[in-house]
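Welcome! Let's get to know this structure together through a few questions and answers.

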Amino acid sequence: MTTTSETPAGFEPLLRVSGLRTWYAIRQGLLRKTVGHVQAATDVGFEIAPGETLALVGESGCGKSTVGRSILRLESPQEGEVVFEGKDLLSLDEAALRLARQRVQIVFQDPMASLDPRMRIRDQIAEGMQSFGIGADEKERTERVASLLARVQLDPAAMDRYPHEFSGGQRQRICIARALAVEPRLIVCDESVSALDVSIQAQILNLLRELQDELGLSYLFITHDLSVVKYLAHQVAVMYLGEIVEQGPTDRIFEAPAHPYTQGLLAAIPSIDPDRRGGSPPVLGDVPSPSDPPAGCHFHTRCNRVMDRCRAEAPPLVPLEGGASRCFLSSGEG
Amino acid sequence: MSALLEVRDLRTAFPSASGLLPVVDGVSFDLNRGEVLALVGESGSGKSMSALSTMRLVPKPGRVTEGSVRLDGTELLSLPVTDMRKIRGGRMSMIFQEPMTCLNPVVRVGEQVIEAIQLHEDVSTADARERTRELFVEVGIPDPEARLDAHPHQLSGGLKQRVMIAMALSTRPEILIADEPTTALDVTVQAQILALLRDLQRNRNAAILLITHDLGIVNELADRVAVMYAGRLVEVADRRSLLSDPRHPYTQGLLRSIPALATPGEALPEIPGVVPSPDQWPAGCRFSTRCSKRIERCDTVFPHESSPGEGRRVWCHVEDGEGA
């Protein structure tokens, strides 16, 4: 299932995900019998145009990271298509997948966990180049490492240092340089700025946007923080308990959110306007377990506009002007 | 009338190969009865260590090296350990970012709160249990009777946070120290916990020392704000003045770099560079290495306190008129 594309006519999307389902089996007992499933992602679909950013947002357990990892086949989706540059990544064999991975990179939240503490950063950045045959020899690769470090605003002279000699923000710059080294078209940013202090976060957000403008990169930007989304994303998809509940252009999502969950999520962001404070919490209760999502609309247990129908029947994703919303109210059936 | 908690020239340091490294370096503030004071800063600012220092909970081998912390006139830093233990979890209590830092995973949550009550008061288990149930109602735990017998892992993150708040309130503290109490929570649950803290503070007239990095949370909860940078205060003001008319270049930079306020299509205003580590603190103003308004004097002379208005304090040569 795909929804209205914002891609201009004549342009193929760089990435088209459709009908993606990734469930994790819950096994128990001596025989490891499957007793249920964590329904991490169900019927997820979206498109990303060349040079654009789609933000995938939601709270913990909504499945946003699973979707990011499924695209790179770091998870094994049971159903769906992930068409990147015309090829379905989910049906590629190992050799073809390896080649495709040059074009899709990922940057995680915690750079310390994704950098090798015992390797000089120059070797970590050059590693991918070597395996994809970028740079003729050692000298050329070293030059490229230097220019990549300069590009992410680090001192090229620091290339012989180890990860622990850098601050958190600098380490994230190293991860970005490493991703850029293999000339990707798409970078999956999984909470890449979430652990950073606000002044450092602004630096990394600016860097990501400059790189997009220069290199025509696309980003799948996975985050729980909607305030970051507004700055970086062209399109937004909001997930709740494994499903996309709303998607559309960033401006429309922020100005006229259609789904009650999106409305609640936006209203819950603490404002820094001194005249605005003390509102009552817009969404009550906790997120239910993704291994046993509520029947009908998954959000009905927390929705302030719930109707009888929502408890029994799952609403479809209905197209609306500028995107889609998974709510009976959006289809005029309220 | 004097403040409920008076902190004066507080200094806390950790030993290192090159001698004692300060993390809190001469911090003074008052916490008044029934008010919410936010200590704001980025990582490494010393905000959490300042709060832990007031409770004498600095993790070893760190220690408070100088200063004074007075609760209602009583000096806490020189109090015998047994007396301090009564104050901690009694007149002053603390809630943390991660509830599991103070919940025991193998003991039912009700028992843990009952135990906390009986540690400070001579009450029967039945009475303590009834009070725990009332506390669970007060902090908005649904189905409180059943939740008393739950183990921590059976509760969601938001519910665990509520249990920890109930435990912190169990001895009717006058001061609640809340260290990033909502940072680990989802935004919809965060909004619920912020509303709860606001209600509790109003109903109980408790003072809250709120430690946070998030100016949105400051706006939601604080009456006054103290901004810290590299172990020092840089600005103190009431919430409205600080957010609408920040005077220190660091506070101004922090507010501007919030992405939600960015002008579409324009780069986010950045604060260049990184927070210096304690062994690299500049001799003069700690912020001088990153400040866009820096003048020569800032490199060498630490700015003294000036007051740009009623109840406001700022430490900046430029703001003080010396840059003009």
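Q: What percentage of the 324 residues in chain B do buried residues make up?
A: This is a predicted model, where local features need pLDDT of at least 70, side-chain atom pairs count only at pLDDT 80 or more, and totals for chains, interfaces and linings use all residues. Residues are numbered from 1 along each chain as its sequence is written, with chains lettered from A and ligands numbered from 1 in the order written. A residue is called buried if 20 or more other C-beta atoms, placed from the backbone, lie within 10 Å of its own, exposed if 12 or fewer, and partly exposed in between. For chain B, the buried share is 46%.

Q: How many residues does the largest nonpolar core have?
A: A nonpolar core is a set of buried Ala, Val, Leu, Ile, Met, Phe, Trp, Tyr and Cys residues joined through C-beta atoms within 7 Å. Those with the most contacts (C-beta atoms, placed from the backbone, within 7 Å) inside the largest core include A:V188 and B:L210. Its size is 188 residues.

Q: Which helix of chain B gives the most to this core?
A: Helices here are DSSP runs (H or I, at least four residues), and strands are E runs of at least two, numbered from the N terminus. The helix in question spans residues 157-169 and gives eight residues. Its name is α6.

Q: How far apart are the end C-alpha atoms of helix α7 of chain B?
A: The expected span is 1.5 Å times one less than the number of residues. For the 18 residues of α7 (residues 187-204), that should be 26 Å. The model agrees, with the end C-alpha atoms apart by 25 Å.

Q: Which residue follows α7(B)?
A: Its phi is positive, near 55 degrees. The residue is B:N205.
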